[in-house]
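Please open the model in the viewer and keep the selection panel at hand.

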Amino acid sequence: AVISSTHKRTLIMVAAVSISAPETNTNDSSRNISQTHHLAVKAAKTNKGKRAIEKNAPRRKEVAAKTLMLLHGAVTSEVLKSLINDLSQMKYGENHKMNRKNPGIRPFEGGGEVSLEFFAEKSHSATFAFANHQKKKRPHAITFGRFYNHKIYDCVEMMVNGETFVPIIKFGNAAASTTIGSKPCMMFLGDKFETDANLRQLKNVFADVFRGRVVSRINLKGIDRAIVITALEDGKTILFRQFAIKYKKSGTRLPKVHLEEMGPRFDATLGRVKLPPPDVEREAMRVDKTLVKEEKANALSQGISDKVGKIYVHKQTEGLDEINRRKSLKGGLKKKEK
């Protein structure tokens with residue numbers, strides 16, 4: 001088909017997908033069933049709709065906090081329900097919690113991620129936490145993962161030890177001094193986070209889930225909680241702790257820092273790990289060159305805001321021979337004779 005370029009029109013692409021189901025032996029479904037889905041691009045008609053589209057549109061540099069989507073599987077234990085509630089409190093204002101069961105979601109199996117990706121696109125979520133309980137194979141399993149372009153990028157599974165789990169409510173008023181929606185201080189203890197590939201991936205996912213909003217400056221007094229994740233030497237056991245940071249008088253200018261555990265507390269065993277495909281990883285890790293500041297040569301930074309640079313200037317010898325000196329200076333100064 002030939003479209004004339006003289007007419008200025010807005011074209012809306014409509015895709016039609018025909019799906020045919022295989023024949024079955026029943027009398028009612030002996031013929032093929034075809035379904036047609038029409039996907040139309042709708043333009044915003046009001047200013048409010050335009051602002052909503054611009055808010056959710058991708059940007060060159062994302063500074064907003066990544067929304068955490070919390071879901072339940074077909075079977076969920078009481079331990080996982082309490083853990084999901086605690087995660088929603090930790091990510092208050094930055095999470096999308098779903099209370100219904102989702103038996104069709106299986107992040108590590110082919111075809112089991114369709115519903116999860118659909119919910120991610122609808123809720124504009126960049127990360128997820130999926131809780132599913134299998135009593136014999138994977139008890140108290142929770143999966144943390146990330147999305148890229150509304151598709152699963154990577155995910156890490158952990159089996160929570162139900163005997164060591166303590167929710168936030170059991171710690172009393174320890175969390176009363178913390179501010180809702182504040183940025184936490186994250187600490188990863190253990191050499192395995194640098195040497196083991198699976199634990200390095202877990203560290204990357206946790207840092208992306210709990211980092212909050214990207215800021216240029218941080219007020220140290222505003223950091224009121226710390227998340228400490230420890231990897232034991234076996235490379236499988238993970239200890240998750242959260243502490244409330246309290247500042248007390250020390251008699252000097254610097255206050256005394258006191259840590260009080262506020263929960264949740266749990267020990268977990270590392271399970272399945274799904275790494276991102278190499279081609280998708282290269283595309284996701286691509287950096288816009290316009291946002292990268294070029295390093296200036298011969299410049300050093302001293303302190304917080306001081307910079308020292310070296311400047312090379314060529315010798316300015318051109319034109320000195322043409323300068324006419326005064327007659328009194330050509331032959332030098334003569335001593336006066338008495």
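Two residues are in contact when heavy atoms lie within 4.5 Å of each other. The model on display is predicted.

**First selection: Asp-267.** Select Asp-267, which is found in strand E12. Is Asp-267 buried or exposed? Its relative accessibility is 18%; Asp-267 counts as buried because the cut-off for that class is under 20%. Which residues does Asp-267 touch, leaving aside those up to four places away in sequence? Display Met-159, Val-160, Asn-161 and Thr-164, together with Ile-238, Leu-239 and Arg-241: Asp-267 touches each of these.

**Next selection: Pro-264.** Move to the loop between strand E11 (256-261) and strand E12 (266-274), where Pro-264 is placed. Display the backbone from Gly-263 to Pro-264: the peptide bond there is cis, with omega near 5 degrees. Most peptide bonds are trans.

**Next selection: His-124.** Select the loop between helix H3 (114-123) and strand E5 (127-132), which holds His-124. The phi of His-124 is near 55 degrees, a positive value in a residue other than glycine. Most residues other than glycine have a negative phi. With a relative accessible area of 41%, His-124 is partly exposed.

Continue to the loop between E5 and strand E6 (141-148), where His-140 is found. His-140 also has a positive phi, near 55 degrees. Where does His-140 stand in exposure, buried or exposed? At 17% relative accessibility, His-140 counts as buried, whereas His-124 is partly exposed.

Note on methods
Residues are numbered from 1 along each chain as its sequence is written. This is a predicted model: local features need pLDDT of at least 70, side-chain atom pairs count only at pLDDT 80 or more; totals for chains, interfaces and linings use all residues. Side-chain values use heavy atoms; hydrogens and water are left out. Helices (H or I, at least four residues) and strands (E, at least two) are DSSP runs, numbered from the N terminus. Buried means under 20% relative accessible area, exposed over 50%, partly exposed in between (1.4 Å probe, protein chains only).
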